[in-house]
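Have the chain open as you read.

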Amino acid sequence: MGLIEGLKQENEIPIIVANYQGLIIYVNQRFEEVFQWTFPEIVGQPLTIIIPSELHDAHNLGFSRFLMTEHSKILNHPLTLKAVKKDGTLFNAEHLIMAEKINDVWTFGAKIRPIRNDLDLSDTQLVSNSVME
């Protein structure tokens, strides 16, 4: 079983999978519960739908850079970032982002574990520093 297929077996932590274009192709039931999106509503949407708008540019830059170089400093390292629910509510979460090349095409998956909302985080700085390295 591959990395992404194994990730899809997780049912206690929200899981999201996206294709090489950054479009969501899978979420598990726990993702639906936490993010308030149903599978049919979110599949086909861009990943940026769950990323705060002020981080879209950093995300897009890092995503594009990875596709060009196939190198990343943020994959497989926990990142504490904000995520966006369907209703626009922001919450802090630990993201563990993974990538797997399947038939010469990259697929991306992430575990997004909600954490306490009372942390004083400079998530924009965390993302910018990680993505820009």
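Start with Glu 94, which is partly exposed at a relative accessible area of 30%; partly exposed is the range between buried, under 20% relative accessible area, and exposed, over 50% (1.4 Å probe, protein chains only). Its partner is Arg 113: the two form a salt bridge, with the closest N and O atoms 3.9 Å apart. A salt bridge here is a side-chain nitrogen of Lys or Arg within 4 Å of a carboxyl oxygen of Asp or Glu. This pair ties together distant parts of the chain, as Arg 113 belongs to strand β5 (residues 105–114) and Glu 94 to strand β4, 19 residues apart. Arg 113 is partly exposed too, with a relative accessible area of 40%. Strands (E, at least two residues) and helices (H or I, at least four) are DSSP runs, numbered from the N terminus.

A quick word on what you're looking at: this is a predicted model, where local features need pLDDT of at least 70 and side-chain atom pairs count only at pLDDT 80 or more, while totals for chains, interfaces and linings use all residues. Residues are numbered from 1 along each chain as its sequence is written, and side-chain values use heavy atoms, leaving out hydrogens and water.

Why do such pairs turn up? Side chains of opposite charge can pair when their charged atoms come close. By the rule above, the count comes to five salt bridges. Another of them joins Lys 101 and Glu 70, whose closest N and O atoms are 2.7 Å apart. Here again distant parts of the chain are linked: Lys 101 is in strand β4 (residues 90–102), Glu 70 in the loop between α4 (56–69) and β3 (79–84), and 31 residues separate them. Lys 101 is partly exposed at 38% relative accessibility, and Glu 70 is partly exposed at 37%.

Now for a local pair. Arg 30 and Glu 33 form a salt bridge with 3.0 Å between the closest N and O atoms. They're three residues apart in helix α2 (residues 29–35), so about one helical turn separates them.

Finally, find Asn 19, in the loop between β1 (15–18) and β2 (24–27). Is Asn 19 buried or exposed? At 16% relative accessibility, Asn 19 counts as buried. Beyond its neighbours within four places in sequence, Asn 19 is in contact (heavy atoms within 4.5 Å) with Ile 25, Phe 63, Trp 106 and Phe 108. A polar atom of the Asn 19 side chain also lies 2.9 Å from the backbone nitrogen of Gln 21.

Notes
A polar contact is a pair of N or O atoms within 3.5 Å; within protein, one must be able to donate a hydrogen and the other to accept it, and residues adjacent in sequence count only if both atoms are side-chain atoms.
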